[in-house]
Amino acid sequence: MLAVMKEAPEPGLALKEAPEPEPGFGEVLVKINYASVCGTDSLIYNWSPWAAGRMKPPVIVGHEFAGEIVENGPGTSGMRPGTRVSAESHLFCGRCLQCRTGKPEICRQLKILGVDRDGVFAQYAAIPEKNLWVNHSDIPDQIATLQEPLGNAVDTLLAEDVTGKRILITGAGPIGLMCAALARACGAARVIVSDPNEYRLSLAEAMGADIVLNPKVTPLRGPVLTATAGDGVDVLLEVSGSKGALLDSLPLVTPGGRVSLLGIFRGEAPIALTETVIFRKLRIYGITGRGIFSTWQTLSRLLSSKRLDISKLVTHEFPLEDFRKGFELMESGRCGKVLFRTNG
Ligand SMILES: [Zn+2]
Ligand SMILES: [Zn+2]
């Protein structure tokens with residue numbers, strides 16, 4: 001089968017002929033129909049310090065997909081071949097304190113598909129059955145592959161209720177764009193998105209943002225205060241990992257407001273905690289991964305009922321053979337979600 005792999009501990013990825021995987025104990029062989037590119041895959045492609053410190057090549061990369069069951073390995077329940085599935089990419093141990101108290105997304109022995117073991121930028125993949133998610137018949141594969149990152153957006157947005165809230169999203173990458181569409185679907189009163197990339201701001205408008213702001217052109221403060229009757233926003237979702245965005249936006253959260261942090265910061269982000277957070281009684285949530293499988297339940301219902309439409313987020317689709325074009329687009333920032341067609 002064809003597979004995109006990290007062959008050696010250095011930048012780049014290669015398209016290779018690889019043996020079809022054998023499902024091990026508790027695993028299912030899945031034919032991959034669509035896979036989508038994540039920021040994590042770009043970090044692997046560029047061999048970032050994070051990737052270099054974690055990965056042990058050779059590894060087939062990719063963790064977001066939609067496909068169908070081909071074969072059940074030993075120790076599985078015997079799901080019907082042809083069943084359409086995606087999967088939770090975080091492989092949790094089920095035994096540690098966090099797993100046993102309902103937080104497997106922060107499992108102490110967490111392994112990630114396409115990072116710590118072979119992933120889904122391939123025609124077939126062996127996936128632990130307990131990680132599979134059966135896709136709703138009304139959600140096509142091109143959208144079903146986005147459920148995994150959409151789960152991150154669900155946790156980021158819905159750490160607290162958003163009904164009637166005014167929300168600022170800093171960062172219009174795929175998760176920020178998903179947050180904008182979700183916020184509308186979940187009854188937010190005002191959705192403001194900021195990003196220095198004009199292409200992505202236009203996508204934010206298409207996804208339902210009421211106001212889009214380029215902080216390189218206009219400082220956020222004026223328009224955010226105007227849009228919130230001078231209050232500041234009730235909710236800040238920081239999904240860019242930019243220290244500048246965080247420092248500019250935290251003072252724009254109204255006292256008593258809520259902050260979700262999902263963007264990954266390089267190094268430390270210095271915050272004047274006393275004045276900005278404590279005296280203003282902000283609630284700050286660190287968000288990582290997604291609730292397993294609570295977020296999948298929520299997003300599957302919103303997508304299948306058409307309450308939530310994220311189809312405009314898919315801007316490009318390539319056959320797996322052209323994977324490099326996808327990664328180049330990711331570098332350019334002129335894309336939403338990039339999909340790979342993995343089987344014809
Ligand atoms: Zn991802
Ligand atoms: Zn665990």
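Colleague: Let's start in E14: which residue is the bridge partner of Leu-168 there?
Modeller: Leu-236 is the bridge partner of Leu-168 in that strand. Keep in mind that we're looking at a predicted model.

Colleague: OK. And how do strands E11 and E14 run, parallel or antiparallel?
Modeller: Parallel, with four bridges joining E11, residues 166-170, to E14, residues 233-238.

Colleague: What's the strand order in the sheet with E11 and E14?
Modeller: The order is E13-E12-E11-E14-E15-E16, an open sheet of six strands with parallel pairing.

Colleague: Which strands stand at the edges?
Modeller: E13 (211-213) and E16 (283-286) do. Each has a single partner strand, so one side of each has no neighbour in the sheet.

Colleague: How much twist from one strand to the next?
Modeller: The twist averages 15°.

Colleague: What does helix H6 lie across?
Modeller: H6, residues 174-185, lies across E11, E12 (190-194) and E14. Relative to E12, H6 runs at about 170°.

Colleague: Switching to helices. How do H5 and H11 cross?
Modeller: Their axes cross at roughly 100° and come within 9 Å. H5 covers residues 147-157 and H11 covers 294-304. Angles of 65 to 115 degrees count as roughly perpendicular, so that is what H5 is to H11.

Colleague: Which residues make that contact?
Modeller: From H5, you've got Gln-147, Leu-150, Gly-151, Val-154 and Asp-155. H11 brings Thr-295, Trp-296, Thr-298, Leu-299 and Ser-300.

Colleague: How do the residues of the contact of H5 with H11 divide?
Modeller: Into four nonpolar, five polar and one charged.

Colleague: Now the domains. Where does the assignment put them?
Modeller: Domain 1 is 2-146 plus 310-341, and domain 2 is 153-286. Their centres, taken over C-alpha atoms, are separated by 29 Å.

Colleague: One more topic, E3 and E5. In what sense do they pair?
Modeller: Antiparallel, over eight bridges, with E3 at residues 27-36 and E5 at 64-72. Lys-31 stands opposite Glu-68 in E5.

Colleague: And how many bridges join E5 to E6?
Modeller: Two, and those strands run antiparallel, with E6 at residues 84-87. There, Gly-67 stands opposite Val-85 in E6.

How values were computed:
Residues are numbered from 1 along each chain as its sequence is written. Chains are lettered from A and ligands numbered from 1 in the order in which they are written. This is a predicted model: local features need pLDDT of at least 70, side-chain atom pairs count only at pLDDT 80 or more; totals for chains, interfaces and linings use all residues. Two strands pair if DSSP finds at least two bridges between them. Domain bounds come from an automatic or database domain assignment. Axes are lines fitted to C-alpha atoms, for helices over the stretch in contact, and angles run from 0 to 180 degrees between N-to-C directions. Angles under 35 degrees count as roughly parallel, over 145 as roughly antiparallel, 65 to 115 as roughly perpendicular and the rest as oblique. Two residues are in contact if their C-beta atoms, placed from the backbone, lie within 7 Å. Ala, Val, Leu, Ile, Met, Phe, Trp, Tyr, Cys and Pro count as nonpolar, Asp, Glu, Lys and Arg as charged, and the others, Gly among them, as polar.
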